[in-house]
Structures are given as C-alpha cells and as structure tokens.
2 protein chains.
Amino acid sequence: MAEHSITVESTLQTLLEAKKYSTLKDILVTMNGADVAAIFEETQETKIPLLFRLLPKELAAETFVEMNPDLQELLIKGFSDNELREVVDELYVDDAVDLVEEMPANVVKRILAQADPQMRREINEILRYPENSAGSIMTTEYISLRPNMTVDEAFARIRRTAVDKETIYTCYVTENRKLVGVCTMKDLLLVKDNETRIQDMMDRNVISVHTSDDREEIALLLSKYNFLALPVLDSDDRMVGIVTFDDAMDVIEEEATEDIEKMAAILPSDKEYLRSNAVDLYKKRIPWLLLLMISATFTGIIITKFENALAAQVILTSFIPMLMDTGGNSGSQASVTVIRALSLGELEFKDLASVVWKEIQTAVLCGVTLATACFLKIILVDRMLLGNTDVTVLVAFVVCAAMALTILVAKVIGCTLPMVANRLGFDPAVMSSPFITTIVDALSLLVYFTLATALLF
Amino acid sequence: MAEHSITVESTLQTLLEAKKYSTLKDILVTMNGADVAAIFEETQETKIPLLFRLLPKELAAETFVEMNPDLQELLIKGFSDNELREVVDELYVDDAVDLVEEMPANVVKRILAQADPQMRREINEILRYPENSAGSIMTTEYISLRPNMTVDEAFARIRRTAVDKETIYTCYVTENRKLVGVCTMKDLLLVKDNETRIQDMMDRNVISVHTSDDREEIALLLSKYNFLALPVLDSDDRMVGIVTFDDAMDVIEEEATEDIEKMAAILPSDKEYLRSNAVDLYKKRIPWLLLLMISATFTGIIITKFENALAAQVILTSFIPMLMDTGGNSGSQASVTVIRALSLGELEFKDLASVVWKEIQTAVLCGVTLATACFLKIILVDRMLLGNTDVTVLVAFVVCAAMALTILVAKVIGCTLPMVANRLGFDPAVMSSPFITTIVDALSLLVYFTLATALLF
C-alpha cells in the first residue's frame, strides 16, 4: 500500500508542476481525505492552498480534518471568510472542537465567527468539559427518535437528518431529553411490520456514560461491548452526545502511547515525533532525568559507606553493573506487566495479595535459574577462562546470593508500587522502570555489600 | 459503573443460592454478553453450566464468546452434542475460529463435528492463514451486492441475509467474486430513487487489503480512515472476507501490550496477568534476564581492566550507578519514542538522518543541563554537605563530562538501533530499554574510566 501511494504522489507532484489542474482534480476526487492530507504534507507550502481549492466541498472538509495543525493554520490564514465558512459548515462538531483546541486565539476567533450559531453554541458547550473527559471527545450530532414513532416515521426522520450525523446506525430514543432506549439500524431494517412503534422494539437496557467520565474508560467500554457508539449523559441524566468507535480507537492508541512514554520516564505529549523539535523533546525528557539523577545520590552514598570493603576487594566492583541491571530488569518486568493489566482494567487493588504471591513464586524461579547460571559463568569464564584469581568461590557465592535476593526484592517492589499508586489515585505508569530501578539499585547494593562484609572479611 | 455491576453480581449470587431460577433468567436477559461472562467468571464452577442453560440462544452465544478459554472448555465438556450445536450455530465465523484456536484437539474435533458443513469449510479456510495476518482475523460473513441490482433489490437482499452478517452497514459490490465497489447503508438510505442501480451509486475507489497483510497494519488503516470494516482479498484479488472495527480495536490493544512487554524484556503472551501462573511468567521473563545478565559480563571486564585506577580512587566507584542509570534512562527515552512512532507508522527508515540529528540536539540540551546540575550537586552535597574531601573539583568535572558524553552516545544508539532493526525486518521493540541499557552501560564506563585515567592520574 505504501508503494502505491508513493507512485500516486509523484504523479501528482509532476502534474502540479505542469499545472495540469483539471487532471489533478480528477485524480484527487477518487481519493480519501486521509490520503489527500498525506499528499499535502509532502507538497511545497505555497502550492497547498491552490491544491486545496481543487477539492469538492465534502472532500475538502475530510482532508482538512486529517491535516496536521500547522497546515490547517496555514490554510485558514489564506482563506477568505467565505471559504472558511464553507469548510467549517462541513465539519462534524467534534472535529470543529479539535480544530478550535489546536489553533491560536486569533484563528479561533475567525473560525467561531464563521460557524453558524447552532454549531458555535455546541462547540462552546463541548469546550467547557475537562480534558480527557467523555464530554470533551463526544459529538452532539446523533439520531434521536421518540418512543411513540412508528418504524416508518423513524426512517423518514433518519433520512431527513442523516446528512449531518456522525453515525446513523445506532439511534437513541429520548423522552424529555432523557434516554429511554436504543435501536440499531439493523433492528429497524429487520422489523416485520413498519407500523411497529419504536417503544415496542427498542432495547431498554442502555449502557451509557457521563460527560465527566474518563475517556480511557469509555474507550475500553466501547471495545468491550463492540458498540459503534456510546451515549453520553449530563449530570441530570439528560442525553447530550455520543462517543463513536473511531474516537475510541484514537483514544486507545493515544493512551497506550502515553503509558509507554511514562514507563520510559518521558512526560506525555500529543505531538508526533517528527513534528516535535529538539526543545519539545528536551522539555518532555529532562524532568525525569534530573529527578532520577539526583535520586541516584543514595546509591552513591551506599557505595561510599562501603568504601573500605571495596578498596580491599576491588573485584567486587566489577559485579555491580550486572547486579544493578538484573535487579532493574526484573523489577521493570513485574511493574510493566502490572501497569498494563491495571490500565486495561484486568487488575484491581483487591488482587494485591495474589499478585505479590505470584511475583514471589516467579522471583524464586528466576532467582534460582539466574544465580545458578551466574555462578557457572563466574567460575567458568571469569575465574578459569579469563584467569582472574581474585574471583574465589566465596566471591561467586556472595554475588549469586545477592542476585537472587535482589530479584526477589525487585519483583515484589515492582508489582506493589504501581498497585498502591493506582489505589491512591496516582497514575501507576509513573511507578515504572526508571523509578523502580533507582530504588532497586540502592537495595541491591545494600544486600550485596552486607553479604560481602559478613562473608568475605 | 464498576459499583453498579458489583451490586448486580451479589444479587445474582444470592438468587443462585436460593435457586430462584426464573428471577435469575429475567435479570440475565436484560444484560450484555460481556457482563454475563464477567459474572460467570466470579461464579462457582459447578454452577456455571446451570446458569448458562438459563440464557436464551443468542445471549448464550454472545456470552460464550466473551468468556475465557478455561470456562469455554469447561462448558463444552459439559454440553450435549445438541447444546454444542446450538451455540456453534449462533457464533460468527471469526469467533468460531478464535474458539477453535484456543481449544485442545479433542474439543476442536467435537466443535467441528457440530458446525454445519458451510461453517466448517469457512473455519478451516481461515485457520490456514498465518497467525497475525488479515486472513486470520477476518470474517467471511459480509453483505455482497451485485452491480446491476436496484436499491430496492439491495434492501431485499440485505433484509434476507442480515441476521448472519457481522456488519450490514458497509455492503460490498462484487462481480465474478471481484470487488468492484462499496456502498454504505447511509448511501442506500439517502438515495432519492429506489430504482437507482447499485453500479450508478457505489464508490468505485475501494481501499482493500490482502489476506497475508499484517493485522497491525490493517488495524492502523481502519483507524486512519475511520471505516467500519475493510474488505480482504485473496492473492487473485477475489474478495474473501472483511475485518471489522471491533477486531481492529482488539488488535490495537494487543499490539500495544506486546510492544510494552517487549520493551520491558518480556516475551509477549496473550494470557491475562491474573490467568498466568508463576511458571507462565517465568517462561516469559527468564530468557531476556539470562541474556542480559550474561551480556553484563562486558561491563564487568571493563571495570576489571581499570581495577588499578579504581583501587587508587575508590570515590570513582560511587558515581558508577548514577552514570549508568542516567545513560540507560536517556537511551531508553530515545528508543521508546522511536519504537512507538515506528509501530504507529509515523516514522520510516528514510527519516533516520533527521531523527539522529534531532536526538543529537536533544542530547546536547539534556547533557548540558544534567552535567551542570550534577556538578552543583557533587560540589554542594557530596563535598560540602557530606564533607567528602575525596570529591575534588577535578573528580566532579570528570563525572560530569562523562555524563554528558554518555547521554549523547545513549540517545544516538537509542534512536538508531530500533530503526535499523526495523529496516532489517526485525521487531524494533526488541531493541529497547534493557538491550540498549546494556550497551550504554559498557560505553559509559569506557568513557568514564578513559577520562578519569587521562585527567586524574
């Protein structure tokens, strides 16, 4: 598919240079908004407004929605008021809200001025909801039916209002703005008698969410039930909008990216990598690096305390990296598994005891395997192959015992911290690898040096 | 929402103990398959077959699909052939395939024996596709129309065949099994004249995928275009099935989990955390732990080489953990960001130069900030506050210079390795934190000791 679009792309660029506008238009209208947007991103900035004006109204709006904010701003700045109104008219409300959220204030003012009063009111309404809430990602354009309509009347209403609606395949039955039932297009099509009243065929067990609910929960709910859309109610239980599956998909992707970033000690951002400059990246990365660097002071202090032991047996130093890395890796395996299970809703705080017990068992298995392997490696490689006579059997034993204990500590801390953080209302993803590594580092050195001083001196 | 389901759950358990089966049934029929399945998972095993028999046919199938494989197996073993046939009859083909893939051979034999010949053929067909391919997640049940049908005829056909189809909202127009166009239910409903022929209203620019395409690419494609389904063609370009948005959502979740696991040096698995026992976890975690432990040997060798320097200035040892951790964290920030961008299709190999340049700039910014902070910390805390006179200004300088260089190396390696791996056809997620940490550890120690020997002795 990638190859295909590259070929079309180069053809289009050639046509553009040759100013073959009508041929260009003929090709563009066969394409999808997302693809046209991708082509625009590869096109010289000065040519974009010209290309954009070739698109028919609906495709223009579709393309506009898929473009990155920088290009959108560029285009809007070049639009006449009339052109801007045409694009805004074609946008779904939730897309218009996304646009308004991304644009600088002066551009927002122009957009709102060109939106019709109804849309302006709806945009403003949605903008009031907190970030990451169901309200902030919903659209107010859904099909609503009345309970006493017949199926024929319902179809007439759907045909009349469908053009503006983001989905017509799930219809919501409301009475005094309260949601009383749902009815899918499939139900409507398969009903035997078109005089059937909606109230006699609708499903009254409606799963709904509230405007203030977290968008990640909503996305998981949509994915769990395989719904096309979920109705959103306000605090008085009146229906105000729907969240559709395509938004849920974006949320699932974005939340996974956020979790991954947090696990790698990066502050989350919405910006794509290629669109972030070095300063953006720096700002996202430096806070945790600083904090983790400073907290490594404790490890330094521990080493200083055991300075004399180290000076007497320098060989002990050479095992520090292996001990620290193995501890860190063991801990992050446990924490990352638990964090992901928490964010997919597979795990709750009440499972803590069984999680800890499972990690202890796993730690014992891993600890015994690794300690054995490590012992063999030290004796066979370090002592016999490399001929390092400082590496006695007792040294090997100290290293391996410290390693097994470190793994145990790392796994238990790794699984406990995220669950406790989650319970206390913090984001468990922050309790991840780098943070846990720092704690495990300090503990593993303590175990190591304590064992070493006890057994070797 | 969670509170709500817990209450219903306890009510149901009470009713079950009191043997109030008809009340139980009345409550269960109001619920969704996914919720009933969740309740079953909390119910005593011996009671499950009894509860399951209370469900009406369609809900029974829906519930069955949502249960975990252990429960499914338990139920199937208790089913009579008749009961099994009823459940299998109600399954969509893709769900039946999932079931067959999870069950042990003797259970599979019974399932296939009870499926009708048509379904059996389709299950076997899908089972032939490689794991993680579009073919393996598609369903063969879609609505197909002929180009010369009128809209009225299309509606008649849809009504006749809709019951079995996973989605009826996107219809595929085929001629001699070749896909020639698509037509949404919305298009059909909004057409002015019901005598219009499908060929005159269908969209001929169809985006399709092939059975062998990777399921992750398909999912990203569905998410990019916001489609309900994508048509799947075989190698002769004949239409064989569709992949629907709900499967795509599951794929996006699963692939993110897999990436996260690989980034934390865990072999990926499909099993939920709470359903994995310690041996499962051990098997997923020990290979990388072993490999990474062995590879830490190099770090050990480097330290041994500089033994004399360390024996003379033991204070140098106390900065090793901080240097290694900062290097590891810097590297994993870069690698994780790049890996995620690669798997979301935001980045390609041709961007390598611009990625490396961006990471170099970021590394310089981070390096200068951290080195300055570290210098101040060493002088103010270690030397003045803790009164450690071994910590001279020159030692502080060596540590900070080594840190800045380590960050630069870590960021460059962190962004390059995953892109090269991806280019060579390997999974970039494997080139992640723990792997890169090991390399960066070795390099940072080399830089540190080289600087130290040059400047301090």
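Start in chain B by selecting strand S5 (residues 229-233) together with S6(B): five bridges join the two, and they run antiparallel. Strands here are DSSP runs of E with at least two residues, helices are runs of H or I with at least four, and both are numbered from the N terminus; two strands pair if DSSP finds at least two bridges between them. Now pick Leu233(B), whose bridge partner in S6(B) is Met239(B). Five residues separate the strands of this hairpin, and Asp237(B) in the turn has a positive phi of about 65 degrees.

A quick note on what you are viewing: this is a predicted model, in which local features need pLDDT of at least 70, side-chain atom pairs count only at pLDDT 80 or more, and totals for chains, interfaces and linings use all residues. Residues are numbered from 1 along each chain as its sequence is written, while chains are lettered from A and ligands numbered from 1 in the order in which they are written.

Next, colour S6(B), residues 239-244: six of its six residues are buried, so the strand is largely enclosed by the rest of the structure. Buried means 20 or more other C-beta atoms within 10 Å of the residue's own, with C-beta atoms placed from the backbone.

Then hop to chain A and select Ala154(A) in helix H12 (residues 151-161). Ala154(A) is buried too, with 25 other C-beta atoms within 10 Å. Leaving out residues up to four places away in sequence, Ala154(A) touches Leu145(A), Met149(A), Cys171(A), Leu188(A) and Ile198(A) (contact means C-beta atoms, placed from the backbone, within 7 Å).

Finally, show both chains: 93 residues of chain A are in contact with 91 of chain B. Helix H20 (residues 320-343) of chain A gives the most to chain A's side, with 14 residues.

Technical notes: Two residues are in contact if their C-beta atoms, placed from the backbone, lie within 7 Å. A residue is buried if 20 or more other C-beta atoms lie within 10 Å of its own, exposed if 12 or fewer, and partly exposed in between; C-beta atoms are placed from the backbone.
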